[in-house]
Amino acid sequence: MVELLFNGPKDSPITLVLAHGAGGPMDSPFMEKIAEGVAENGIGIARFEFPYMRRRRETGRGGAPDAAPALMQSWRATIAQLGDAGRLVIGGKSLGGRIASMVADEAEVRGLVCLGYPFHPPGKPAQTRVQHLERLRTPALILQGARDPFGKPEEVGGYKLSRAIRIEWLEDGDHSLRPRARSGRTEAENLATAIAHVTKFIRSL
């Protein structure tokens with residue numbers, strides 16, 4: 001059984017299931033703020049950790065993320081445990097959202113939410129991770145910081161992405177949607193905007 005962390009009502013019509021990014025656990029400050037904010041809008045949230053992150057938690061030692069097949073299988077197991085994929089919107093931060101996007105169609109979930117999609121490694125724009133996004137059928141929302149080194153507007157605008165995908169850009173945000181102080185924006189404002197986008201998207205499904 002996958003250990004799940006819940007926020008909000010467990011009987012909401014749609015549950016948002018979130019996985020963490022490569023470096024932070026399911027209860028990182030970013031994940032906490034997003035989960036609590038969306039839950040306050042009456043949407044149930046479930047969070048889980050990939051096997052490598054559970055090992056880090058248990059042993060106190062680091063370790064690289066599992067290979068993609070193992071991460072995908074972890075998503076499949078979580079979806080199966082929650083049941084009724086048609087009531088689930090899956091996604092997460094960076095790696096968590098990317099892997100969710102790789103299983104969304106086969107799992108027949110209701111939707112997909114990616115919080116900072118890693119379109120390519122920083123400084124390596126030619127190494128794109130978008131091939132499967134060209135044919136994605138699942139309704140998807142990608143929230144991306146406007147200065148995210150994993151994919152900026154001028155780069156992402158040139159990709160051939162499925163019409164099922166909608167991208168919303170967070171002003172001056174980095175990979176965690178955090179703006180610079182000199183931008184006039186605050187992290188709290190960008191996270192509130194992200195939470196509003198996620199809530200509106202889920203309610204539209």
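**Ground rules.** I count residues from 1 along each chain as its sequence is written, and I use heavy atoms for side-chain values, leaving out hydrogens and water. Since the model is predicted, local features need pLDDT of at least 70 and side-chain atom pairs count only at pLDDT 80 or more, while totals for chains, interfaces and linings use all residues.

**Entry 1: strand β5.** I took helices (H or I, at least four residues) and strands (E, at least two) as DSSP runs, numbered from the N terminus. "Buried" means under 20% relative accessible area, "exposed" over 50%, and "partly exposed" in between, with a 1.4 Å probe and protein chains only. I looked up β5, residues 111–115, and found five of the five residues buried, so the strand is largely enclosed by the rest of the structure. Which way do the residues of β5 point? Gly111, Val113 and Leu115 go one way, and Leu112 and Cys114 go the other. My reminder: side chains in a regular strand alternate between the two faces of the sheet.

**Entry 2: neighbours of β5.** Two strands pair if DSSP finds at least two bridges between them. I found β5 paired in the parallel sense with β4 (residues 88–93) over five bridges, with glycine 91 opposite valine 113. Strand β6 (residues 140–145) also pairs with β5 in the parallel sense, over four bridges, and there leucine 143 is the bridge partner of leucine 115.

**Entry 3: aromatic rings.** I searched the whole structure and got five aromatic pairs. Rings of Phe, Tyr and Trp (its six-membered ring) pair if their centres lie within 6.5 Å; planes under 30 degrees apart are stacked, over 60 edge-to-face, and the rest tilted. Phenylalanine 48 and tryptophan 75 have ring centres 4.7 Å apart and planes at 80 degrees, so I noted them as edge-to-face. Phenylalanine 48 is in strand β3 (residues 44–48) and tryptophan 75 in helix α3 (residues 68–82), so the pair ties together parts 27 residues apart in sequence. Both residues, phenylalanine 48 and tryptophan 75, are buried.

Next I checked phenylalanine 119 and tyrosine 159: their centres are 5.6 Å apart and their planes at 35 degrees, so this pair is tilted. Phenylalanine 119 is buried at a relative accessible area of 0%, and tyrosine 159 is buried at 17%. I also spotted one aromatic cluster formed by Phe48, Phe50, Tyr52 and Trp75.

**Entry 4: salt bridges.** My rule was a side-chain nitrogen of Lys or Arg within 4 Å of a carboxyl oxygen of Asp or Glu. How many salt bridges does this rule give? The count comes to 12. In one of them, glutamate 49 meets arginine 57 at 2.5 Å, N to O. Glutamate 49 is buried at 3% relative accessible area, whereas arginine 57 is partly exposed at 45%.

I then looked at aspartate 105 and arginine 137, whose closest N and O atoms are 3.7 Å apart in a salt bridge. Aspartate 105 counts as buried at 16%, but arginine 137 counts as exposed at 61%. Last, I noted a network of salt bridges that links Lys33, Asp174, Arg178 and Glu187.
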